[in-house]
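Open the model in your viewer and keep the selection panel at hand. This tour goes stop by stop.

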Amino acid sequence: MDELLLIDAVERFLKGDMLPEEHKLFEELRKNNADVDQMVVEYTFFLNEINQYGESKTFRQYLTEIEQEFRMKIVLTGTKSSEKATLPTFWVRHKKNLALAASFIGIIFFLTAVIIYVINSGNEKKIKPLVEKLNQQENKTRQIENKVNQLTNSSEILAPRLEARFRATGFMIDASNAYIITNVHVVKEAKNKLIIENNKGVQYSAQAIYLNTLTDIAILKVTDSAFKKMPSIPYSIKRNSCELGEQIFLLGYPKQEIVYGEGYISAMNGYEMDTIFYQLSTPANEGNSGSPVVNRKGELLGVISSMETNAQGVVFAIKSENIFKAVEETRKIDAYKNISIQPKPALKGLDRTAQIKRIQDYIFMVKGN
Amino acid sequence: MVLTDSQFNMPESDYTLLEGLKNQDKRCIERIYRENYNMIQSLVINNNGDIDDAADIFQEAMIVLYEKSLLDNFKLSCRLKTFIYSICRRLWLKKLQKNHGRHIKVELLEDTIPVEEVVEDHEKKQENFKLMEKAMAKIGEPCRSLLNAYYIEKKPMQQIASDFGYTNADNAKTQKYKCLVRLKKIFFADYKNEK
């Protein structure tokens, strides 16, 4: 008997989908043919295994979703009970002493910072931001593309395309209210207009609503009415720090199409021990500013910002914890108090290509002139 | 679940939560998280772990609890909180020993109820889960996505056919069975090696 037919029969038999007639025939076949019987036993075992596997896997994904939601609620609302529970009793007992010690350390740090600042203020900075200045040639190519687009989509009335002077990257952080993270140095390049462009080349106008020059994090709001609401972001954003040596990958727009790169966290601090940043070892180019840095589990760890000019592949990314601070500060502004990070993590356990497929729609070019 | 005497001794709320978990009720699962997560987080963090370790351990304990809730003869002999604590403690201890060798000194606070058997049962079940995961990783595309769509996402064959670009459901089904034959070979090859 054909093996495929047999599996089909076993599967229907297990599900109880067999007609009584067929059931009888099937039982007879098993009785008369030991080989068939052996295969039925094997497949019954195996199908049970795979079904159990499927159920277990689904349940795990379901738990992960609930857990992420739950953990996110703690971050955003800062539930008191959770803080209390995680505090070791040690802290409660030695509150006063620790506070005293901490203030001493604080003073020492401050003095050290002042000294380091004085010593370093003479040095020239050896890092450069990763925004790509677009040249005339590319603009011309764009114009031609525009014309082609207009011809092919003649039924749609297209807004005139922006002649961009620079290109960088940004990624969605709140899909239902269209907030995007990028770098402050990117936004500052825009003297007149700022837009985002998706991987299909559609442009939407955007506005910078939050800038923090210290962390280099900027939040944009997509103001274009043509922009459609997207499903929740598939990556969660890591709240605590990551591990030295952790494998990461990034997606950004060092050219007019999305580019994938991979590497690892090579140091826990940035240029000249700047604690806002991680140091990564990964390829990155102009245009990568604002690219998300994602780990194997699909957690967002940071935002690409700059690279060292005199060393290849030394790249600096803003630690993701700064995103939470930026969002919290933005929420204090009345007009943007609806901003919230509500991921539906869907990347854990997927292979890389599947992860990229899920993420890439949430990554945009940030352009301006 | 059979309502035996000990079940009646179990606090009403614990019973409801366990039933809810069995039915994968979101509200109940969230409540179990709310009422127990912080306890486990401080247990792990105070014993050489970080926040992510805590999340992993808690999820594992939820799976143990879920597996147990499906059994007809499962009786919770203590409060749910105590059970979760004991399972997590045991799981974390095992993980620490695995990572740091047997010499690590862990002072894991209070005494707990004995759960060695429960945890060992669970680990046996996990072995087959991991074998299947390994086999799925080895099988390659498009088989992985196809089997995933049918056995995990539980999509109907008709939809799978159109998603994957087969002309009809029967062709997709034939392909699925071919993939299944391959997966079975990989699975059993590893299965015999491990046992």
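**Stop one: chain B**

Select chain B: nine helices and zero strands. Helices (H or I, at least four residues) and strands (E, at least two) are DSSP runs, numbered from the N terminus. Along the sequence, chain B reads α-α-α-α-α-α-α-α-α.

A note before you go on: this is a predicted model, where local features need pLDDT of at least 70, side-chain atom pairs count only at pLDDT 80 or more, and totals for chains, interfaces and linings use all residues. Residues are numbered from 1 along each chain as its sequence is written, while chains are lettered from A and ligands numbered from 1 in the order in which they are written.

Of the 195 residues of chain B, 27% count as buried (20 or more other C-beta atoms within 10 Å of a residue's own, with C-beta atoms placed from the backbone). Now look at contacts in chain B between residues at least 6 apart in sequence: 63% of them join residues at least 24 apart. A contact means C-beta atoms, placed from the backbone, within 7 Å.

**Stop two: a helix crossing**

Select residues 80–100 of chain B, helix H5, and residues 116–139 of chain B, helix H6. Their axes (lines fitted to C-alpha atoms over the stretch in contact, with angles from 0 to 180 degrees between N-to-C directions) come within 10 Å and cross at roughly 60°. Which residues of H5(B) and H6(B) meet? From H5(B) come B:Ile87, B:Arg90 and B:Leu91; from H6(B) come B:Glu116, B:Val118 and B:Val119. This contact has four nonpolar, no polar and two charged residues. Here Ala, Val, Leu, Ile, Met, Phe, Trp, Tyr, Cys and Pro count as nonpolar, Asp, Glu, Lys and Arg as charged, and the others, Gly among them, as polar.

**Stop three: where the chains touch**

Show both chains. Chain A brings 26 residues to the contact, and chain B brings 31. On the side of chain A, helices H1 (3–15), H3 (34–77) and H4 (80–86) each give two or more residues. H3(A) gives the largest share, 16 residues. That side of chain A divides into 12 nonpolar, eight polar and six charged residues.

**Stop four: a strand in chain A**

Select residues 277–281 of chain A, strand S11. Four of its five residues are buried, so S11(A) is largely enclosed by the rest of the structure.

Strands pair if DSSP finds at least two bridges between them. A:Ala267 has A:Gln279 as its bridge partner in S11(A).

Finish with strand S14 (residues 314–319) of chain A, joined to S11(A) by five bridges, also antiparallel. There, A:Ser281 stands opposite A:Val314 in S14(A).

Notes:
Contact = placed C-beta atoms within 7 Å. Buried ≥ 20, exposed ≤ 12 C-beta atoms within 10 Å, placed from the backbone.
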